[in-house]
Amino acid sequence: MRRLALVVLAAPLAAQTADALTAHLRNTPLLHADFTQTRHLKALTRPLVARGTVVVDRQRGIIWQVLRPLNLTYVVTPQGVLEVGPDGRRKTQTTKDAPMVAQMGRIMQALAEGRWSVLEDYFTLKAQGTPGRWEIRLSPKPVAASFIKSVVVKGGRVLERFQIEEPGGDHSEVVFGAPRLDQPLSEAEARLLNLK
Amino acid sequence: MRLRGWIWILVLALLGSFAALRMRSGHAIETDLLAMLPATERNPVAEDAVRSLAQASGNRAIFLVGGAEPERSKAAALTLAKDLEASQAFPQVQGTLKDVDPGVVPRFYTPYRFGLPPQEATPDDPEALLEHLQARLASPQTASFGLGLAQDPLGQMEGFLAQLPLNSSRMQIQDDLLVLQGKDGLYVLCTAALSGSAFDPKVQESTRLAVEKAEKHLAQAFPEVKLLRTGAVFYAIDARTRAEREMHLISGISLVCIFLLHLLVFRSLRHLLLGLASIGAGLVTAAAVSLIFFDKLYLLTLVCGASVLGDAVDYSFLYFANHLAYSGEGGPPPRQVRSSSPLALPHAVSEPSPDTASAGNTWEPWAALRRIRKPLVHGFLTTMLGYLALMLAPFPGLRQIALFSMVGLLGAFITLFCILPNFLAEPAHPRPHILKGIRGLMARAQSLAQSRRVPLTLAALALVLGGLALRGRIHDDVQGFIRPSARLLAEETRIRELTGFSNQGIFYLVEGTDEAETLAREEALVARLQPMISQGELDSLQAVSSFVPSPQRQRSELEARRRRAPALESALKQLGMRPEAIQTLRQDLAKNRLLTVEDWLQAPFSTPFRHLWMGKTNQGTAALVVPMGTAEGPRLREVAQGLPGVVLVDKAASVSTMLAKDRRMATWSLGGALFLVWGLLALWYGPRAGFWLIAPPLVGILLALAGTALVGAPLNLFSVLGLFLVLGWGVDYTVFLRGCQGRDGAGVLGVTLAAFLTLVSYGLLAFSHTPALKGFGIVLGWGVLGTYLTSFLSLRSRP
C-alpha cells in the first residue's frame, strides 16, 4: 500500500527524475560508440541484425552509420536529414520539406541526450535506478499508441540499450558498446553533420 | 377626407401589415454583405463554389491563444475551450485532441494501398529490391508510421500517407493540444463549430456573448496571454453591429432634425405629425414593396433607407412652406399678421400663373397643392430618373437601394397628395420673422441671379472645381465596398502568418465530365503547383486528388505493382519472410480495390475537406483545389494556363474588376442622364431656363468631385452613384425654387429646409465606417451644398 502511494506521488515527478538520473548524458559534448540493432519481425523467419557506429554531437546532431549487412549513413541534425545509400546516393530532406522527418530527428536527439521531457507529448515516463544504472520506461499516449507499444531505455554513465515493442508484435533492440568520450570529430564526420 | 385618402390609408395598412409579418418572421434582413454583390463569374458552378467554400470556412470560429510562457498558453487555451463549451453556444469545441486516433487514416487506406502512388520510385530487380529492404530495416527510424513490413514492405503507402494535406506542417501536438511556434511564443489552436449560419443573427448573438465572456475570463486569469480570432462569424457580427449602430445614429439625428425644424419653423405639432406621417408612409411602402421584389432586405439598404427619411420629407416641406407663406397673406381669422409688413415682395419675375391670382389671401389646402403641383411633379420625376440609373446597375444591392428609395419617395408623394391637405384646413401659425428673413433671402437670390457677372463667375468656378476634381484618385478595389475592422484584420493576418493558412478566397475550379476526368485534371494541376511548394511560394495545397488518386492513376499503379510482384516476392523470400506472409501479401494485392471519392466522403476524417468536392453539377463534375501560401492571383492563374477544365476563381479580384467596369458604365450614364434631364427641363421650361435649372446641380457635381479629392477619399462606383442623386435632388431644388418664386418665398423656405436636412442626414454617411456608404456621404454632402448655394441661378431670366 505504501509503495502504491509512493508511485502515485512519484508519477508527476517522473520526467524530472528521468532528467535528473541522466543529467550526466547532457554534459557529454561528444560521444562515439558502436551499436548492434536487432529486429525481430513476425513476418520474418530470422531476426535482422545491423551493426555500425554512432556519433552523438550534442550541438550538431547524430550520425548513424550502418556498416553491416550494407553501408548506409543517416545524419539527423536540427536543419534536416541526410541519407547516404549503399550505392553512395545522397538524399537530403530539410526540416521544412519533411516535418515528419524533423519530428523523428527531434525525438532521436532527445533520446540520445536524455532530454526526456521532450518525449512527454507522446509518452508517459517511468524512471528508476541511480545515475550509475538507470532504466526508463516509456508508454505511449493515445496519439502514439497505434505506432508503438513500449520503449525501454537503459544505461549508466552512457546510453546502453533501447528496447522497442510495436503493436503488431514486432520488436527490436539496439545495444551500444565501446563508448568513446574522447574521440574527436573527424573531418568526414564534421562534413556529414553539415549535411554535406 | 376624400375617397382617395381613405383608399391610400387602406393600401398603407395592407402594406404595413405585410411588411410587419415578413419582418417578424426574422428572415427579412440579410447581414451577409457579400450577398449584395452580383454574380461575377461567368461559370455558374464557380459562384456555387465560392459559396460552398465560404460556408465551409465560415461555419466555425478559430482561436489562437498564445504567449511567451508555453505552459500558460496551454492552460489559457484549455480555459478558453472549457468556457466556450460551457456557454452552450457551440455544438462542438475542439480544444484537445484526446480522442484522436492517428491509426484511423492508415486503416482506411489499407484495402486500397496497392493503387496509391508512392512518393518515390522503387527498384525493379530482386537484388536491388533486397538491398532496398535491408536499408529500410537498418534505418534508425524505429517504429514505422505505416503498416510495417508484412503489409507494406517497401513503405510505399507510408510515402502516400506522408503527402496527405491533413495537417498544416507548422502544427504540432503537445499535451493533446495543437500548437504552433511563433516568434513571440507558443500558440495553441482551438476551434468551435457554430450552431448555424454565420449570418444568422441568433447565432451571431450567442457567439458574441460566449466569446466576450470567455475573453473577459481569459484577460483576468491570463492577462499576459494573447487571444487571436478569425472566422466569418466575427466579420458578420462586426459588419452587422456597425451597420445597426450607424443606422440608429443616422435615423436618430435625422429624426431630431426633423423634429426641431418642424417645431422651430412651423411651431405646430400638426406639421410635425404630418411630416412624420409622410415619412412613415414612405418607409412602410418602401419596406413592403422591396420585400415583394426581394427575398431579404440588405443591411446597407436599411442604412440608406434611414437617409431616405430626409428625402421623403422634402415634398411636405415645400407644401408646409406654402402653407406658412400663404396663411400669412391675410386668410380668414385668426389673422395676426400686420398687413403693413414688408412681406409683399415685388414680383421680380412672375410666371403667368392663374393660381397666383386666384390664391388671393385665403388659405385653401387643395388649391395650394394644385399651385405647386407642377414643380413637385417635375422634381419627383427627375429624382426618379436619378434612382432609375441605380436600378440599371447590375448590382442586386444597389437595385434594392434604388427600389427602396423610389418606392419610399412615391409613398411620401402619394401621402402628400391624398392625405396631407385634409389636415391642413386651418391657416398656419404666422411666423413673420421667418417669412421676412426668407423673403429677404429670396430678394437677394433674385438680384444675384440677374447679375451680369454670373456667367463669368460661374465659368471660373467650374474651372477651379474641375481642376480640383481632376486631382481625385480612382480606386475600384473591393475594399471600397466592405472593410472589416482593423482589429479583426490584424488578428486574421497574424493567424495566417502563424498557421500558413491563407484563404483569400482564391481557388481553382476543376471540372470534367465525370469523377475520373475531374480527378485526372486535378492531378495535372497539382503537378504544376508542386514546384511552387518546394520554392516556398505556396505552403500547401488542398485537393481531393491528394486523398483519392484518379482511377487511371490507381489502375496504372496497380498494374505496375502486379508486374513487379514476382521480383518483390523473391526479394522478400531472400530476406527471410515467412511463406504465409508472402501469401497474404499476394492475396491482398489480388483483391485490392479502387478507391472512389464516395468511399472517401464516407470516412469521418474527410470532414474538413468535403467541401472541396462539389460532385455532380449541371455541366459535369466539379472540384476545388485550394492553394495556401503567399502566391497571388496573377501568378496562380499563369501557372494553370492552358490546363483543360481548370479556372482560377479569385472573387475579390473579380469584384474589383466589376466595380471598375460598373464605375465606367455609370460615369457614361451620368453624362447621358444629364442630357436627358436637361432635355426634359428644356421641354418644360425652354432651353435657356433649362440650362439655368441644371447649372446648380452641375456645380454640385463638380464640388462633390473636388470635395472628394480634397478629403483624399477614393472615387469609385459609389461616388458616381452618389452624383446621380446630386443631380436628381439638385433639380428638385431648382424646380421648386423656380416654380414657387411668386411673392411668397415658399420655394426658398422649402428648399432651404430640404437641403439642410439632406445635408445633415446624408452628410452623416460621410462618417460611416462602411466605405461604400462613406463615399456616398462625401459626394452627397458636398454635392447638396454646392447645389443649394448656387440654386439661386435657377431664378435667372437672362441668358
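Guide: In this predicted model, strand S8 (residues 133-140) of chain A is joined by five bridges to strand S9 (residues 150-155) of chain A, and the two run antiparallel. Strands (E, at least two residues) and helices (H or I, at least four) are DSSP runs, numbered from the N terminus. Two strands pair if DSSP finds at least two bridges between them. Across this pair, A:Trp134 stands opposite A:Gly155, a residue of S9(A).

S8(A) also has a partner in strand S7 (123-130) of chain A. Eight bridges join S7(A) and S8(A), again in antiparallel fashion. Here A:Phe123 stands opposite A:Pro140 of S8(A). The chain passes from S7(A) to S8(A) through a hairpin of two residues.

These strands belong to an open sheet of eleven strands in chain A with antiparallel pairing. The order across the sheet is S6-S5-S4-S3-S2-S1-S11-S10-S9-S8-S7. S7(A) stands at one edge and strand S6 (90-94) of chain A at the other; each has a single partner strand, so one side of each is left without a neighbour in the sheet. Neighbouring strands are turned by 15 degrees against each other on average, with direction ignored. Axes are lines fitted to C-alpha atoms, for helices over the stretch in contact, and angles run from 0 to 180 degrees between N-to-C directions.

One example is A:Thr36, whose bridge partner in S2(A) is A:Arg51. A helix from chain B packs on the sheet: helix H5 (residues 126-138) touches S1, S2, strand S3 (61-68) and strand S4 (72-77) of chain A. A contact of this kind means heavy atoms within 4.5 Å. The direction of H5(B) makes about 120 degrees with that of S1(A).

Two backbone details deserve attention. The first topic is a proline, A:Pro69, placed in the loop between S3 and S4 of chain A. The peptide bond that leads from A:Arg68 to A:Pro69 is cis, and its omega is near 5 degrees. The next topic is A:Ala178, which lies in strand S11 (residues 171-180) of chain A. Phi of A:Ala178 is near 45 degrees, which is a positive value in a residue other than glycine.

Over residues 330-360 of chain B, however, pLDDT stays under 50. For that stretch the model has 39 contacts beyond four places in sequence.

Residues are numbered from 1 along each chain as its sequence is written, and chains are lettered from A and ligands numbered from 1 in the order in which they are written. Local features need pLDDT of at least 70 and side-chain atom pairs count only at pLDDT 80 or more, while totals for chains, interfaces and linings use all residues; side-chain values use heavy atoms, with hydrogens and water left out.

Definitions and conventions:
pLDDT is the predictor's confidence in each residue, from 0 to 100.
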